[in-house]
Amino acid sequence: PSLRGKIDLIYIDPPFDSKADYRTKIKLPGTTIDQKPTVLEQFAYSDTWADRTASYLAMITPRLVLMKELLSERGSIWVHLDWHVGHYVKLVLDEIFGKDNFRNEIAWHYSGWNKRLRTS
């Protein structure tokens, strides 16, 4: 059966258009590798876009439209982004969901990050 109009909460944590490739470390149990590092890296995903931010927005926009179709009348969507594209995606969200439906923004505060930089 269709889930259209039946979902009350969607949380997404899409790529941030950071212009980087990400790898995941794989530990090999029972195996010793003489060269450092002692773990292998496997490609996880690429956060680079052919036409930069325009390509990123072209990727995420139809996905957000689909999510709107899935949300119930009382549903909400939570989008986790950072400074790379958050402001652009906010405009897309306003267009798709309507500016008046925006409720709030949560801004992270990282304490202590500058102390680590000074000791390095």
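## A pair between distant parts

Which residue forms a salt bridge with Arg4? In this predicted model, the partner of Arg4 is Glu69, and the closest N and O atoms of the two stand 2.9 Å apart. The pair links distant parts of the chain, since Arg4 belongs to the segment before strand 1 while Glu69 sits in helix 1, 65 residues apart. Arg4 counts as exposed, because its relative accessibility is 56%, whereas Glu69, at 34% relative accessibility, counts as partly exposed.

## The other salt bridges

The structure holds 3 salt bridges. Side chains of opposite charge can pair when their charged atoms come close. Besides the pair already described, Arg74 and Asp8 meet through their side chains in a salt bridge, with 2.9 Å from N to O. Arg74 lies in strand 4 and Asp8 in strand 1, so this pair ties together parts of the chain that are 66 residues apart in sequence. Arg74 is exposed, with a relative accessible area of 69%, while Asp8 counts as partly exposed at 35% relative accessibility.

A further salt bridge joins the side chains of Asp94 and Lys90, at 2.7 Å from N to O. Both Asp94 and Lys90 lie in helix 2, where they are 4 residues apart, or about one turn of the helix. Asp94 has a relative accessibility of 14% and therefore counts as buried, whereas Lys90, at 28% relative accessibility, counts as partly exposed.

## Helix 2 and its surroundings

Helix 2 is made of 12 residues and reaches 16 Å from its first C-alpha to its last, which is close to the 16 Å expected at 1.5 Å a residue. Within helix 2, the buried residues are Val89, Val92, Leu93, Asp94, Ile96 and Phe97, and the buried residues of this helix pack against helix 1 and strand 4. Just after helix 2 comes Gly98, which takes a positive phi of about 95°.

## The nonpolar core

The largest nonpolar core has 17 residues, and those with the most contacts inside it are Tyr56, Leu57, Ile60, Leu64, Leu81 and Val89. Strand 1, helix 1 (53–70) and helix 2 (86–97) are the elements that give two or more residues to this core. Helix 1 supplies the largest share, with 6 residues.

One of the core residues with the most contacts is Leu81. Leaving aside residues up to four places away in sequence, Leu81 touches Pro14, Pro15, Phe16, Tyr56, Gly86 and Val89; among these neighbours, Tyr56 and Val89 also belong to the core residues with the most contacts.

Strand 4 covers residues 71–79 and includes Ser72. Is Ser72 buried or exposed? Ser72 is buried, because its relative accessible area is 14%, under the 20% limit for that class. When residues up to four places away in sequence are not counted, Ser72 touches Gly5, Lys6, Ile7 and Asp8.

Tyr11 has its place in strand 1, which runs over residues 7–12. With a relative accessible area of 51%, Tyr11 is exposed. Together with Leu9, Trp78 and Ile106, Tyr11 forms a nonpolar patch on the surface, and the accessible area of these residues together is about 490 Å².

Terms used: Residues numbered from 1 in each chain as written. Predicted model: local features only at pLDDT ≥ 70, side-chain atom pairs only at ≥ 80, totals over all residues. Heavy atoms only, no water. Patch = residues over 30% accessible without salt bridge, like charges linked within 9 Å, V, L, I, M, F, W, Y side chains within 5 Å. Areas by Shrake-Rupley, 256 points an atom, 1.4 Å probe, with all protein chains shown as cover. Salt bridge = Lys/Arg side-chain N within 4 Å of Asp/Glu carboxyl O. Buried < 20%, exposed > 50% of the residue type's maximum accessible area, 1.4 Å probe, protein only. Contact = heavy atoms within 4.5 Å. Core = buried A, V, L, I, M, F, W, Y, C linked by side-chain atoms within 4.5 Å. Expected span 1.5 Å × (residues − 1).
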